[in-house]
Each structure stands twice: as C-alpha cells, then as structure tokens.
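Subject: Structure handover and notes

Hi,

Here is the structure for you to open. My notes follow below it, so please keep both side by side.

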Amino acid sequence: MAGLESMIVEDKQQSQKSVDREKTCPLLLRVFCSTGRHHSSNEFNHGNVPSNELQIYTWMDATLRELTTLVKDVNPETRRKGTYFDFAIVYADRGPNYRMREIGVTCSGQKGADDTKTLAHAKFTIGDYLDINITPPNRLPPRGGRPRPY
C-alpha cells in the first residue's frame, strides 16, 4: 500500500465580509414588483423589461428585509401587516433568454428565516434583475409558504 495518502478536507463556510458602505460604491438594483404573481421570465427576453421598474441603489450585503422596507417606502399599499414579499432573481441564461430563481420570502410585521439573507448569499450577480411577487394579507401566501419564526 505504498503511495497511499490521507487527506483531510475542511468544509469552511465562506464568511461574508460586510461591505463598508462609506467606501464602497453602491450598485443599481433593478426591481420589478407585481401583485399576486411573479412576472414571466419571457417578459425579460430580447432586452425587454416590464414597465413597472423600481431602481434602488444598494450593496451586495443588503438583506431581503432591508429591500422589503425600501419597497414599502415607495409603495404604500404594501405596508399592511401580513403582506408577503416573494423574491426571485432574474438572470440571463443563454443568448437573449432569461430565467428566474426564487431566493426567499419576507412578511410585513413578522420575522422570518429569509429576513437576513443578503444579495450575496443568494448569489446575485451585478446585472441581474430582482422580481418581487407581493401578496396582500387577504390572499394566500406565496408558494414558498409563510416565513418560519425564529
């Protein structure tokens, strides 16, 4: 058994470094909100985007809870307790086509497991879009279900 080696590999979690927001230039996050459903990924194909764009300057360490607050600031009807925000990243696939990947859910007035998820944790890439399905409290929650309490 000559030449047999043992190797121990440590699985280290990549610690997310906090961004110094005083020294780091923010990125432009292009956000598209709709009520009751996500936009179709086809609406982003061939250089098109839905008409209801919200532009936010933020950083990669922005949390879903922080983004929820920013959307609520400009959209008064989303401020009601129990309103769900289902986040998805829209990214270029091949050629002119786009795909969508859900990344988390937050709820106004409730703590949830996805509240502290950052854009970096969700593998957001500068140039991607963010699509938010907003579900008012009088409707069923998004497919991902209700946020889990801490």
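Helices (H or I, at least four residues) and strands (E, at least two) are DSSP runs, numbered from the N terminus. On that basis the chain has 1 helix and 5 strands. From the N terminus on, their order is β-β-α-β-β-β.

This is a predicted model: local features need pLDDT of at least 70, side-chain atom pairs count only at pLDDT 80 or more, and totals for chains, interfaces and linings use all residues. Residues are numbered from 1 along each chain as its sequence is written, and side-chain values use heavy atoms, with hydrogens and water left out.

Confidence

pLDDT is the predictor's confidence in each residue, from 0 to 100. The chain has a mean pLDDT of 84. In it, 81% of residues reach 70 or more. Residues 9-15 stay under 50.

Two strands pair if DSSP finds at least two bridges between them. The 5 strands make an open sheet with the order β2-β1-β5-β3-β4 and mixed pairing. β2 and β4 are the edge strands; each has a single partner, so one side of each is left without a neighbour in the sheet. The twist from one strand to the next averages 30°. For such angles, axes are lines fitted to C-alpha atoms (for helices over the stretch in contact), and angles run from 0 to 180 degrees between N-to-C directions.

Now the pairings.
- β1 and β2 run antiparallel, joined by 6 bridges. Here L29 stands opposite I56 in β2.
- β1 and β5 run parallel, also with 6 bridges. C33 has I132 of β5 as its bridge partner.
- β3 and β5 run antiparallel, with 7 bridges. V90 has Y129 of β5 as its bridge partner.

In a regular strand the side chains alternate between the two faces of the sheet.

The cores

Buried means under 20% relative accessible area, exposed over 50%, and partly exposed in between (1.4 Å probe, protein chains only). Of the chain's 150 residues, 39% count as buried.

A nonpolar core is a set of buried Ala, Val, Leu, Ile, Met, Phe, Trp, Tyr and Cys residues joined through side-chain atoms within 4.5 Å. The largest one has 20 residues. Those with the most contacts inside it are L29, V31, L67, F87, L130 and I132. Two or more residues come from each of β1 (27-35), β2 (53-58), α1 (64-74), β3 (84-92) and β5 (129-135). β1 gives the largest share, 4 residues.

What does L130 touch, leaving aside its neighbours within four places in sequence? Its contacts are L29, R30, V31, F32, L67, F87, A88, I89 and I103.

Another core, of 5 residues, lies apart from the largest one. Its members include F32, F44, Y98 and Y129.

The aromatic cluster

Rings of Phe, Tyr and Trp (its six-membered ring) pair if their centres lie within 6.5 Å; planes under 30 degrees apart count as stacked, over 60 as edge-to-face and the rest as tilted. The whole structure has 5 aromatic pairs.

One is F32 with F44: the ring centres are 5.4 Å apart and the planes lie at 80°, so this pair is edge-to-face. F32 is in strand β1 and F44 in the loop between β1 and β2, so the pair ties together parts 12 residues apart in sequence. F32 and F44 are both buried.

F44 also pairs with Y98: their centres are 6.5 Å apart and their planes at 45°, so this pair is tilted. Y98 is in strand β4 (residues 98-107) and F44 in the loop between β1 and β2, so the pair ties together parts that are 54 residues apart in sequence. F44 has 0% relative accessibility. Y98 is buried too, at 18%.

Together, F32, F44, Y98 and Y129 form one aromatic cluster.

M60 sits in the loop between β2 and α1. Is M60 buried or partly exposed? At 23% relative accessibility, M60 counts as partly exposed. Not counting residues up to four places away in sequence, M60 touches L27, T118, L119, A120 and F124. M60 and T125 are 65 residues apart along the chain, with 8.9 Å between their C-alpha atoms.

Take the contacts in the chain between residues at least 6 apart in sequence: 70% of them join residues at least 24 apart.

Best wishes

Conventions
Contact = heavy atoms within 4.5 Å.
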